[in-house]
Amino acid sequence: MTDIRNLKPEALWKHFYALTQIPRPSKKEQAASDFVKKFGEDLGLETHVDNDGNVIILKPATPGMEDRKAVVLQGHLDIVPQKNSDVDHDFEKDPIQAYVDGEWVTAKGTTLGADNGIGVAAAMAVLESDELKHSLVEALFTMDEETGMTGANNLEGGLLKADILINMDSEDEGELYVGCAGGVETNVSIDYEMQNVPEGAKAFKVHVKGLKGGHSGLDIHRGRANANKLMFRLFKEAVDNTGLKVAEVSGGDLRNAIPRECVAVVTVDGDKAEEFLALTKRFLAGIQEEYKEAEDNLGLDVDGADIPDGVLKDDDLKNLIEAVLDTPHGVIKMSESVKGLIETSNNLAIGELKAGKLAIKCLTRSAVDEEKIKSAEGMKKLWKNIGADVTFTGEYPGWKPNMDSEILKTMGKVYEDLYDHTPEIKAIHAGLECGILGSVYTNWDMISFGPTIRYPHSPDEKVNIETVQRFWNWLVATLENIP
């Protein structure tokens, strides 16, 4: 089996391997911050860590490049902690087991962390090199990008002196990103008074599983199933026919990942148990047919369970089912000004009911701030109609494209010279830190690019080896040609 440290360019892959050995799930990535800080200090470079753990490492310009514009190379340190249910992995303790699979690098049953470990490793390779030519480089490694962009949100103005920001968190080689969506989280909570389980009822544990999930921005248009939605569709079919009642639900665990699994504890009338089991088989066959193009491993397990302490009242359950099913998931609107760009979407990310306490979390993304807020307010009205408390958190701005950007022109010409091909210019339906950082450092000319990464935010995440080399060549040549 090929050691990923032997891949080309070795200068980048050795640092990526080192990052895979450091547990760094979002909000628990302090070890990665400490690692990068020590890396900068060991190189003898000026290194600064702010109160949030963001690390800034300064590397002087190489001789003859002192009069060129200074550049920020930026990536985030955290990763999305997603794993297959049959994989024993503790993201706070265990290293990622990365390996070569043909033309790709992937991980054994977990997210790989190429998002954004490749970008971080590239910046580290630039800092370490004695051979590259570049102007003044400020490497910025941010914290907690995946669960709120808190590192970028809390970065102080005046710490960085550069004129250009090169973000390395995009996921299609040969493309330059000049804009991104903003986002806002909608948080729903209800405290229910539970009722006793009816006499003679039978309890079941229901498990929707095997979905692909994926990034709630980059994959939201692919027509993949949402485990939370499927579970509540099953509830709707079963309530009237089997006397189904619901005790617990747990689906999804990250606001920016399409939920892949949902588990519920339910009861049905004792004499309807067989009918319920037959209904679940029909339901599974139906959704497998419905999603046959998008989901090739969709499953539904139904097993006996202990009788729960309480279940939702009938009216509360019916209202909850309708609210979940009426909450949008997927693409809401396509852009009218940028062909092929998703303008607005929503991810019904997390559904949790335990001991009578309900929590629902959605992430709305939009390239238009007004549409983002409009969609969130629509969900707020929907949920308040059934007595929920609704709050908005984690709002962040989008990044408006600048087609006259100097770094855009530079990187476009560099790519043409390298590969005799014009890179595509795009905006992305995902949250890049550029929008936030640019609101603080308003002078920055910003661009985002990266290698080809597939299925980020899921255990199927993988990065294409050849495109990492092309990405690196593009970065090196760009730094040499900064005006």
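## Close-ups of cysteines and pockets

**View 1. Cys 180 and its closest cysteine partner.** The sulfur of Cys 180 sits 6.2 Å from that of Cys 434, its closest cysteine sulfur, so they are too far apart for a bond. A disulfide needs two cysteine sulfur atoms within 2.5 Å. This is a predicted model, where local features need pLDDT of at least 70 and side-chain atom pairs count only at pLDDT 80 or more, while totals for chains, interfaces and linings use all residues. Residues are numbered from 1 along each chain as its sequence is written, and side-chain values use heavy atoms, leaving out hydrogens and water. Cys 180 is buried, at 5% relative accessible area (buried is under 20%, exposed over 50%, partly exposed in between, with a 1.4 Å probe and protein chains only).

View 2. Searching the whole structure turns up 0 disulfides.

**View 3. The largest pocket.** Its volume is about 610 Å³ (the space filled by probe spheres set on grid points, which are joined across faces, edges and corners). Among the 27 lining residues, Tyr 177, Lys 426, Ala 427, Ile 428 and His 429 are closest to the centre. A pocket here is an open set of points on a 1 Å grid over the protein atoms alone, where a 1.4 Å probe fits, with protein on both sides within 12 Å along at least five of seven lines; lining residues have an atom within 4 Å of a point.
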